[in-house]
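Have the viewer open as you go through it.

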Amino acid sequence: MDSSRSVFLAVLVLCLVGAGCVSPNSSEISTSTESLREDTTTDEQTPQLVVNNSAKKRALSAEEDYIFNQLQNASCASGAPGGQTGTKYAEIINETSRGKYVEVNVPYHYSTKELEADYESKALYLIDGANIMRVNGDEITPC
């Protein structure tokens with residue numbers, strides 16, 4: 001009985017190894033799991049990611065310029081983008097035949113004789129190729 005049991009176990013192990021269920025070498029297991037962790041981004045997706053990141057950066061830069069110009073033109077205040085509160089971010093919220101709509105949030109600060117203030121400016125930009133347009137957003141009027 002013991003010899004038939006040994007034969008049975010040997011045949012079972014050979015079947016499992018042959019079917020690929022069990023590997024006699026543990027390094028093969030780690031190699032196969034490493035391939036599952038590799039980046040799955042294809043070459044076709046990479047240009048779109050670059051275009052999206054570029055659109056976000058352009059919208060953030062445009063809003064920073066908007067804030068800077070509004071504060072420079074305010075006779076009662078001085079300030080700049082980059083306040084102590086809030087989070088700077090950009091998100092593509094829609095893409096149409098007209099272009100990409102990018103929502104931005106940019107913190108800024110300013111000071112007057114009466115106060116020191118930290119705010120956030122929220123705006124929506126339409127980016128179409130080389131063109132960029134502020135569709136709507138917060139008005140910055142410190143005076």
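## The disulfide

Cys 76 and Cys 143 form a disulfide, with 1.9 Å between their sulfur atoms; the rule here is a pair of cysteine sulfur atoms within 2.5 Å. By that rule the count is one disulfide. The pair links distant parts of the chain, 67 residues apart: Cys 76 lies in the loop between α3 and β1 (78-81), and Cys 143 in the segment after β5. Helices (H or I, at least four residues) and strands (E, at least two) are DSSP runs, numbered from the N terminus.

The torsion about the S-S bond of Cys 76 and Cys 143 is about -110°, so the disulfide is left-handed. Cys 76 is partly exposed, at 34% relative accessible area, while Cys 143 is exposed, at 59%. Here buried means under 20% relative accessible area, exposed over 50%, and partly exposed in between (1.4 Å probe, protein chains only).

## About the model

This is a predicted model, in which local features need pLDDT of at least 70 and side-chain atom pairs count only at pLDDT 80 or more, while totals for chains, interfaces and linings use all residues. Residues are numbered from 1 along each chain as its sequence is written, and side-chain values use heavy atoms, leaving out hydrogens and water.

## The β4-β5 hairpin

Strands β4 (residues 116-128) and β5 (residues 131-137) run antiparallel and are joined by six bridges; pairing requires that DSSP finds at least two bridges between two strands. The two form a hairpin with two residues between them, and Gly 129 in the turn has a positive phi of about 60°. Ala 123 stands opposite Gly 137 in β5.

## Val 51 in helix α3

Val 51 sits in helix α3 (residues 45-72) and is partly exposed, with a relative accessible area of 42%. Val 51 and Lys 100 are 49 residues apart in sequence, with 10.0 Å from C-alpha to C-alpha.
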